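Let's take a look inside a protein together.

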Amino acid sequence: MNKNSSNTMALAPNTSNKRETVCIFGTGDFGRALGHKMIQSGYSVVYGSRSTQISNLIPKDAEVLGHAEAAQRAAIIIIAIQRQHYNFLTPLAEVLRGKVLVDISNNLKLNQYPESNAEHLAQLLPGSKVVKAFNTVSAWALQSGTLDASRQVLNNKTEPLDHTNAWLSDSYLALGILGFFLFVLLGITSLPSVSNNVNWREFRFVQSKLGYLALILCTAHTLVYGGKWFLSPSAYKWYLPNIYILSLIVPCAVLVVKFVLIFPCVDKPLTQIRQGWERNPKYT
């Protein structure tokens, strides 16, 4: 007794047990894959399309007719088209009256329309019986069998690209790269072979101005990494902050003090003191 694996596709249609005819509106990837599977299962398939020209992509045992003619050949019609193309079904309301319409579509976004595609289809064709099926199966799964079906995306839908936090990740990487570059520059200028070849003005600019700039960039890099976690109570487990929060205490304190020292009312007296100014000089 031969055992047929469920992962192996039939090489020829099962003609010994011919079943009823099924109509498929739409000759896209899913419509062709579903029609191919139905032919293998013994069903007669007729496609309803705008163009009745036979294509090499259409299963060879299927027919391609106009929408009205194809709908008259079957009691079950699978709507394998997108919602925005449903309008052509309105003139076919009398032909589709009493027939079962199978909606297989999925929207690209959640809550994209006030009602579901099946509800919209039922409103367009109140005389037909609308059901929902096959919307969790992909064309790849139909073509490849159950062996590779796990590779498909759940619910066979495309999630929209979320740009909400894109600027956070870009800023996090950019600040980190720039801060790392400046730290490397500071390390190179600290080497005796390099520092001996630069004058005091250049060395002071690199170690002071660029040093503070590197500290600002790296601190901002860590702040962007944390995002809104600073304000979230769940980030303070056992009432203790995370390591990255603790690592910000010293650099933030240094930057705050430096910010205060650059004010003219503070910077000018300190500069005079560094230059030797005394409030009450002993010698005049």
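How many residues does the largest nonpolar core have, and which of them have the most contacts inside it? Keep in mind that this is a predicted model. The largest nonpolar core has 18 residues, and V45, Y47 and I78 are the ones with the most contacts inside it. Four elements each supply at least two residues of this core: β1 (21-25), α1 (29-40), β2 (44-48) and α4 (139-144). The biggest giver is α1, with 5 residues. As a bit of background, nonpolar side chains tend to be buried together in soluble globular proteins.

Now zoom in on V45. Leaving out residues up to four places away in sequence, V45 touches V22, I24, G35, M38, I39, D61, A62 and E63.

Next up is S105, which you'll find in the loop between β5 (100-103) and α3 (117-124). Is S105 buried or exposed? S105 counts as buried because its relative accessibility is 6%, and the cut-off for buried is under 20%.

| Side chain | Partner side chain | Distance |
|---|---|---|
| S105 | Y86 | 3.2 Å |
| S105 | D103 | 2.9 Å |

So which residues does S105 touch, not counting those up to four places away in sequence? They are I81, Y86, N117, K132 and N135.

Key. Residues are numbered from 1 along each chain as its sequence is written. This is a predicted model: local features need pLDDT of at least 70, side-chain atom pairs count only at pLDDT 80 or more; totals for chains, interfaces and linings use all residues. Side-chain values use heavy atoms; hydrogens and water are left out. A nonpolar core is a set of buried Ala, Val, Leu, Ile, Met, Phe, Trp, Tyr and Cys residues joined through side-chain atoms within 4.5 Å. Buried means under 20% relative accessible area, exposed over 50%, partly exposed in between (1.4 Å probe, protein chains only). Contact means heavy atoms within 4.5 Å. A polar contact is a pair of N or O atoms within 3.5 Å; within protein, one must be able to donate a hydrogen and the other to accept it, and residues adjacent in sequence count only if both atoms are side-chain atoms.
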